[in-house]
Amino acid sequence: MSDKQAESLSALMDNEINELEMHRLLKDIENPELRARWSRYNMARAAIRNDISAFSHIDISLAVSEAIDQERLSGKAKPWVRAIGSFAVAASVTLAVLVGVRVYNTQITEPDSSLAANESVPVQGVELPAYTLQQGQTYASFSDKPRANNIQRNQQVVRVSPQVSPYAQQRLNDFMLRHVEQVTLNANLGVIPYARVKELQEVAK
Amino acid sequence: MSRLYALAMLLIWLAFSFSVSAQSAAQNTDPLALLDKMSRASREVDYFGVFSYEHSVNNQTLRVVHVVRDGLEFERLIHMDGEPREVIRKGHPVDCVHSGARLTRSDSVQIRRNLAERFGGDYQELQSYYQISLAGQERVAGRLAVKVMLRANDDYRHSYILSIDSNTGLLLRSIMLDSAGAILERFQFSLLAAGIPIEAEMLQAETANPVIVQEGRHTDSAVEIESQSQQKLLVNYLSFDWLPRGFIKVENLKSQGESVSYSDGMAVFSVYLERVADVAGVEGWAQQGGTIALSRRLAEPLNEVVVTVVGEMPMLSIERISAGINLNLPLTPVGASAGSEESQ
């Protein structure tokens, strides 16, 4: 461990480290001498501030990062299981929220929207459905201001899975195009299915 | 005497016009009647107009001409932005209503039950998987529209806010929302003319190479079904561990290849099956607006079979449907059976 690193470590303790130094330090984070010094510095500071604990000498950082790696690996192994598992949690939260909403939001009026063209004059006595977020937040109606004007935040027109090959993307597009005819005949949405076609054709080119 | 006669006529006329307006008023206060009206109008009414379609950061404008001639639908869609493009849909009989489209019609429930029995799938009333309600009136494209909300009862489908023209029943605006209430796509007319004669010249293609779709050619005639099973198509051995409720199987089409499609009346998903020679890098998914397509290979020994699920549904549903797909082939490896068929 160099003097330069010791200096950087000390600067980090004092919250005066610059970004470049920080990166160098992080690159060398596995170095046991560096870790030992970092631990000593922290213990010393804790002792000075009088908030030292009986467990201060135990370094759990490696165990934590190992556990995180494990999690990533098992997540990769079974994406289907993971998706369904996370759904189960989300669904239970949603259910709880919906139950809550039924009780509390029996009289909701539509909030004014800043998108004037988007909204009609609220009609008296019309009860609008409450809407939920999976995180457990509740939206009073479909037309809630912060979200309704924000058409899906992703910036791409066609979003694809990470590391999808151009070959797979081409095929997926072709299937989306083929599917349009079934939508036209089986959902009564008039011209909408074919309006979706343009970008698909462009991607397919 | 003639005065009495005139009075009687007046009374009859009044009673008649009152009953008509009462009827149309009743239609506009019953969301199911409105959906029924919309379902018919989108196919049966002659109209032209300009509309926009947007999702994520994309927004485009199109012009449409839709007519019914000799009982057949004809439609031209012209893109107003970018490269000139035109899609012509034609040839589908207006009275040929596919199963999915029937779900939003208030025809006799029995017809739909029979369809479900015939084609399989889980028949349920539209109201059991969407909460359907009226949400007042608004003005869209200079016309009076009635707003109908279809809020999904589960997380397996999207929700919709539809603004339906109170006069013709045409869909003037549609917003598709995910379970968090975020907008996935928005469609909206800015100009619409309906119920006026449409000149023949408006039906002429105006771009050099229009895409022409000869729509809805069926494959479910008895002869074709027979020849299909003789060919031992993969699709004949397809089964699902799980389907979102309310989705019924719909008619197959020539254009679709080895596939099945299901609809709940608002959303449709299709499952495509193929034997793929080059399976490396074939898996993945793509999303555009509310539509997701996902491809995966089946497990050994069917790992050269790729299943692709496409639908206007949440990833949750698409993944679950895809994960639950089985091919119950009676013969051992697919490759071997395909090979022996070819050699004969």
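Select A:Asn15 to begin: this residue is exposed, with a relative accessible area of 68%. Exposed means over 50%, buried under 20%, and partly exposed in between, using a 1.4 Å probe and protein chains only. A:Asn15 is in the loop between H1 and H2 of chain A. Its phi is near 65°, a positive value in a residue other than glycine. Most residues other than glycine have a negative phi.

The model is predicted: local features need pLDDT of at least 70, side-chain atom pairs count only at pLDDT 80 or more, and totals for chains, interfaces and linings use all residues. Residues are numbered from 1 along each chain as its sequence is written, chains are lettered from A and ligands numbered from 1 in the order in which they are written, and side-chain values use heavy atoms, leaving out hydrogens and water.

**Chain A: helices**

Select helix H1 (residues 3–13) and helix H2 (residues 19–27) of chain A. They pack at an angle of about 115°, with axes 10 Å apart. Helices (H or I, at least four residues) and strands (E, at least two) are DSSP runs, numbered from the N terminus. Axes are lines fitted to C-alpha atoms, for helices over the stretch in contact, and angles run from 0 to 180 degrees between N-to-C directions. H1(A) and H2(A) are therefore roughly perpendicular, a term for angles of 65 to 115 degrees.

Now show side chains. A:Lys4, A:Gln5, A:Ser8, A:Leu9 and A:Leu12 in H1(A) meet A:Glu21, A:Met22, A:Arg24 and A:Leu25 in H2(A). Contact means heavy atoms within 4.5 Å.

The axes of H1(A) and H3(A) come within 11 Å and cross at roughly 35°. On the H1(A) side, the residues that meet H3(A) include A:Ala6 and A:Met13. On the H3(A) side, A:Trp38 and A:Tyr41 are among them.

**Chain B: the sheet**

Move to chain B, which has 8 helices and 18 strands. Of its 344 residues, 55% count as buried.

Colour the open sheet of 10 strands, in the order S5-S6-S7-S8-S9-S1-S2-S3-S4-S10, with mixed pairing. Two strands pair if DSSP finds at least two bridges between them. Strand S5 (130–140) and strand S10 (211–214) stand at the edges, each with a single partner strand, so one side of each is left without a neighbour in the sheet.

Zoom in on S10(B). It pairs with strand S4 (residues 86–93) of chain B in the parallel sense over 4 bridges. B:Ile88 stands opposite B:Ile212 in S10(B).

Next, select B:Ala141, in the loop between S5 and strand S6 (143–152) of chain B. Its phi is near 55°, again positive in a residue other than glycine. B:Ala141 is partly exposed, with a relative accessible area of 23%.

**Chain B: a hairpin**

Select strand S15 (residues 284–288) of chain B. It is mostly covered: 5 of its 5 residues are buried. B:Gly284, B:Ala286 and B:Gln288 point one way, and B:Trp285 and B:Gln287 the other way.

S15(B) and S16(B) pair in the antiparallel sense over 5 bridges. B:Leu294 in S16(B) is the bridge partner of B:Trp285. The hairpin has 2 residues between the strands, and B:Gly289 takes a positive phi near 60°.

Last stop: B:Pro301, in the loop between S16 and strand S17 (305–311) of chain B. A cis peptide bond joins B:Glu300 and B:Pro301, with omega about 0°. Most peptide bonds are trans.

Terms used. Angles under 35 degrees count as roughly parallel, over 145 as roughly antiparallel, 65 to 115 as roughly perpendicular and the rest as oblique.
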